[in-house]
Amino acid sequence: MKRILAGGFILLSGVLLYLGVHLAAVMYLPHITGWSTPPGKYGTALRETGGYAANLISILLMIGGSLILLIELYFPHAAATYKKALAERNREYEKEHNLRN
């Protein structure tokens with residue numbers, strides 16, 4: 001449940017950051033007098049407002065949050081089996097190296 005909440009908050013923060021960067025660039029659009037074709041008018045506004053890095057971070061947050069949600073909601077058994085295998089390997093390691101107290 002904690003991972004689902006974390007994934008939701010990460011996704012939500014990515015969406016909010018994307019909206020903030022997008023709104024800042026759109027509000028700056030009327031002030032642009034010239035631009036080149038590859039980035040376009042919106043790309044130029046995004047560059048001039050310093051939003052390229054924030055735009056990339058917001059997209060990465062949205063992808064990361066979505067992946068966490070998808071894994072936790074549709075493959076809950078995968079995390080449980082991984083935890084079980086990791087705990088078993090940890091016990092084997094502790095037994096092999098006499099680390100048990």
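The following conversation goes through some descriptions of this predicted model and the values behind them.

Trainee: What makes up the chain in terms of helices and strands?

Mentor: The chain has 4 helices and 0 strands, and along the sequence this reads as the pattern α-α-α-α.

Trainee: Why is the chain called more spread out than a compact globule?

Mentor: The radius of gyration of the chain is 22 Å, whereas the globule rule gives 13 Å for 101 residues; the value lies well over that figure, so the chain is described as more spread out than a compact globule. Along the principal axes, the C-alpha trace spans about 70 × 25 × 25 Å, and 17% of the 101 residues count as buried.

Trainee: Why is helix α1 called roughly perpendicular to helix α2?

Mentor: The axes of α1, residues 2-28, and α2, residues 40-48, cross at roughly 110° and come within 8 Å. Angles of 65 to 115 degrees count as roughly perpendicular, and the crossing angle of roughly 110° therefore places α1 roughly perpendicular to α2.

Trainee: Which residues of α1 and α2 meet, and how are they divided by class?

Mentor: From α1 come Val 21, His 22, Ala 25, Val 26 and Tyr 28, and from α2 they meet Tyr 42, Ala 45, Leu 46 and Glu 48. By class, this contact has 7 nonpolar, 1 polar and 1 charged residues.

Trainee: How do you know whether Asn 55 is buried or exposed?

Mentor: Asn 55, which is found in helix α3, residues 52-74, has a relative accessible area of 13%. Buried means under 20%, and Asn 55 with its 13% is therefore called buried.

Trainee: What is Asn 55 in contact with, leaving aside its neighbours within four places in sequence?

Mentor: With those neighbours left aside, Asn 55 is in contact with Tyr 18, Val 21 and Leu 46. Val 21 and Leu 46 are also among the residues listed where α1 meets α2.

Trainee: Why is Pro 39 called partly exposed?

Mentor: Pro 39 is placed in the loop between α1 and α2, and its relative accessible area is 30%. Buried means under 20% and exposed means over 50%, with partly exposed in between, so a value of 30% makes Pro 39 partly exposed. Leaving aside neighbours within four places in sequence, Pro 39 is in contact with Thr 44, Arg 47 and Tyr 52.

Trainee: What share of the accessible surface of the chain belongs to carbon and sulfur atoms?

Mentor: The accessible surface comes to about 7600 Å², and 68% of this belongs to carbon and sulfur atoms.

How values were computed:
Residues are numbered from 1 along each chain as its sequence is written. This is a predicted model: local features need pLDDT of at least 70, side-chain atom pairs count only at pLDDT 80 or more; totals for chains, interfaces and linings use all residues. Side-chain values use heavy atoms; hydrogens and water are left out. Axes are lines fitted to C-alpha atoms, for helices over the stretch in contact, and angles run from 0 to 180 degrees between N-to-C directions. Helices (H or I, at least four residues) and strands (E, at least two) are DSSP runs, numbered from the N terminus. Angles under 35 degrees count as roughly parallel, over 145 as roughly antiparallel, 65 to 115 as roughly perpendicular and the rest as oblique. Contact means heavy atoms within 4.5 Å. Ala, Val, Leu, Ile, Met, Phe, Trp, Tyr, Cys and Pro count as nonpolar, Asp, Glu, Lys and Arg as charged, and the others, Gly among them, as polar. Buried means under 20% relative accessible area, exposed over 50%, partly exposed in between (1.4 Å probe, protein chains only). The radius of gyration is taken over C-alpha atoms; the globule rule is 2.2 Å times the number of residues to the power 0.38. Accessible areas come from the Shrake-Rupley method with a 1.4 Å probe; for residues, only the protein chains shown count as cover.
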